[in-house]
Amino acid sequence: MVETTIKDISIEALRNGDRAEFAQMVDAYSAPIYRLSLRMLGSEQDAEDVLQNTFLSALTHLSNFEGRSSVLTWLYRIAVNEALMILRRGKPEVNIDDHDSSGEHDDIRPTQFVDWGALPEDELLSVEGRQALDHAIQNLPENLRMVFLLRDIQDLSIKDTAEALNLSEANVKVRLLRARLMLREQLSYYYGERMKKEKSND
Amino acid sequence: MTESTHNTCEGLLGSLSDYIDGELGAELCRQIEKHIAECEDCRIVVDTTRKTIDLVHASNDPQTDLPDDVRSRLFKRLNLDDYLKPSTK
Ligand SMILES: [Zn+2]
């Protein structure tokens, strides 16, 4: 993870208005925040807005940082909230706090049993394959996508993901499972089609 | 045995994430492994879910830097122009 390779940012120095320290923090964390924002919003302009607002907000709310999580997790939390504000523009129903209506697995029960896992890596990660994957991630419902992005793409722990999204760990786990199974399902359709085509070409 | 639910397809599904993330106890792992040795559908679900997560990791390059223009606009917005160069990377 990025965090381990950079020097610790001193919150004390930031609170004292140390601009050099702030510049350090921006350089240390802007790339992961920007990548997350791009994934959340799918637009470079929106991602840049979130990036800028995240650091502006961090600067003005330094006193709110309690040190329970890492600085990066705290920044992710701010970025998620900034992104949600953009997503909610004209879409008031976007709400990641929504408790899932059921604890049942009905909506996630697998229906595709194509054994595509053994396909060669270069085929799975072809340009087209990557596009299918990106598309599948974009297609996840908002409340699942946020969890998935933080846990499986930004590599946060379950605990930090819960912290960043203000959700319980149990809730994060349920959503993560759903997100992973929905992605698996979509990729199974995609690679299933590819495998069929290859067979017919032989 | 009290934890026998993991011998079913339904039970396996509920623990799939923990199993893949290596956060399941040895006994539950053993039950899942026993189940997928006998249940081809679940074996495929476990394999392809694991593969899905691998692909996500492989296609996500964490070394990607911030584009230069994005970085310079960010520094300007934050009134950090004087720290803009050189990049500390
Ligand atoms: Zn089964």
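This short talk covers a zinc site in chain B, one lysine of that chain, and a helix of chain A. Keep in mind that the model is predicted.

I'll start with the metal. The zinc ion has four protein donors in chain B: the SG atoms of Cys9(B), Cys39(B) and Cys42(B), and NE2 of His35(B). The angles among the 4 donor atoms run from 105 to 111°, and the site is tetrahedral. For reference, the ideal angle for four tetrahedral donors is 109.5 degrees.

Along the sequence, the donor residues follow the spacing C-x25-H-x3-C-x2-C. Cys9(B) sits in helix α1, residues 9-20, and His35(B) in helix α2, residues 26-38, so this pair, 26 residues apart, links distant parts of the chain. Are these two buried or exposed? Cys9(B) is partly exposed, at 41% relative accessible area. His35(B) has 8% relative accessibility, under the 20% cut-off, so it counts as buried.

Next, the lysine. Lys51(B) belongs to helix α3 of chain B, residues 40-59. Its relative accessibility is 17%, so Lys51(B) also counts as buried. What does Lys51(B) contact, leaving aside neighbours within four places in sequence? The partners are Trp116(A), Gly117(A), Glu121(A) and Leu124(A).

Last, helix α8 of chain A, residues 142-153. After α8(A) comes Asp155(A), with a positive phi near 70°.

Conventions:
Residues are numbered from 1 along each chain as its sequence is written. Chains are lettered from A and ligands numbered from 1 in the order in which they are written. This is a predicted model: local features need pLDDT of at least 70, side-chain atom pairs count only at pLDDT 80 or more; totals for chains, interfaces and linings use all residues. Side-chain values use heavy atoms; hydrogens and water are left out. Donors are N, O and S atoms within 2.8 Å of the metal (3.2 Å for Na, K and Ca); water is not among the atoms, so sites may look incomplete. Four donors count as tetrahedral if all angles lie between 85 and 135 degrees; four count as square planar and six as octahedral if opposite donors are over 155 degrees apart and all others between 65 and 115; anything else is irregular. Helices (H or I, at least four residues) and strands (E, at least two) are DSSP runs, numbered from the N terminus. Buried means under 20% relative accessible area, exposed over 50%, partly exposed in between (1.4 Å probe, protein chains only). Contact means heavy atoms within 4.5 Å.
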